[in-house]
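Hello,

Here is the structure I promised to send over. Have a look at it first, and my notes follow below.

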Amino acid sequence: MDLRAIYKDANALLEGHFLLSSGKHSKYYLQSAKVLEDPKTAELLATKLAELINEAGIKADTVCSPALGGILAGYELSRALNARFIFTERVNKVMTLRRGFEVEKNEKILICEDIITTGGSALEAAKVIQDLGGEIVGFAALANRGFCKIYSENKEQKKECKLPPNKPFFALGNFEFEIYDPADCPLCKEGSSAMKPGSRGN
Ligand code: ZN
């Protein structure tokens, strides 16, 4: 599967000069909601992801996503895995499980995001589940930004990755972009200024 082509075709892989939430600059930006705009694409991606999880012998009763970004991907994945779906959300910046969702003791739960950068939100969701007695069987995302190690890859995870190294992490592919400090940004040196993604109403 050519993940990059799927993202490009959906205008989910933007090219320009972007100011990221970290304060760094980048030539690319992933607008992952755009790739899930077409439910058929979402279904296709989730089906492929479910195949990787099944092939690895990982069984999940439930998929849990951190809101908001992970919900669409997680919901489609739960359908493909024939599992239940719940989501965590932040209340005053603290990740919580609300809306009547419950976790049974030792329930096998897979955490799903749309894109894993360092995996911070996914890890927070996993901690909520574990505190409620659930068992984390793995992590999944449609795309990986290259900091964390995908299950099938034979390499070390980078120090920025917050996912626990002893749990499998499944993703359909990597998007490894260079990011720059504003002071060293080659795009700034060429004279353009960095734009916050979405600042032109998209
Ligand atoms: Zn720049």
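Predicted model: local features only at pLDDT ≥ 70, side-chain atom pairs only at ≥ 80, totals over all residues.

Strand 4, residues 84-91, runs antiparallel to strand 5, and 4 bridges join the two. Both strands belong to an open sheet of 6 strands with mixed pairing, in the order 5-4-3-6-7-8. Strand 5 (94-97) and strand 8 (169-171) are the edge strands, each pairing on one side only. On average, and ignoring direction, neighbouring strands in this sheet are turned by 30 degrees against each other.

Now for the aromatic side chains. Searching the whole structure gives 8 aromatic pairs. One of them is Y75 with F85, an edge-to-face pair at 5.7 Å centre to centre with 85 degrees between the planes. This pair links distant parts of the chain, as Y75 sits in helix 4 (residues 71-81) and F85 in strand 4, 10 residues apart.

How accessible are the two partners, Y75 and F85? Y75 is partly exposed, with a relative accessible area of 47%, whereas F85 is buried at 13%. The ring of F85 also pairs with that of F87: the centres are 6.5 Å apart and the planes lie at 35 degrees, so this pair is tilted. F87 counts as buried too, because its relative accessibility is 15% and the cut-off is under 20%.

Elsewhere, Y7, Y28, F175 and F177 form one aromatic cluster.

Happy to hear your thoughts once you have had a look.

Best wishes

Note on methods. Residues numbered from 1 in each chain as written. Heavy atoms only, no water. Pairing = 2+ DSSP bridges. Helix = DSSP H or I, 4+ residues; strand = E, 2+ residues; numbered from the N terminus. Axes fitted to C-alpha atoms, helices over the stretch in contact; angles between N-to-C directions. Phe/Tyr/Trp six-rings, centres within 6.5 Å; stacked < 30°, edge-to-face > 60°. Buried < 20%, exposed > 50% of the residue type's maximum accessible area, 1.4 Å probe, protein only.
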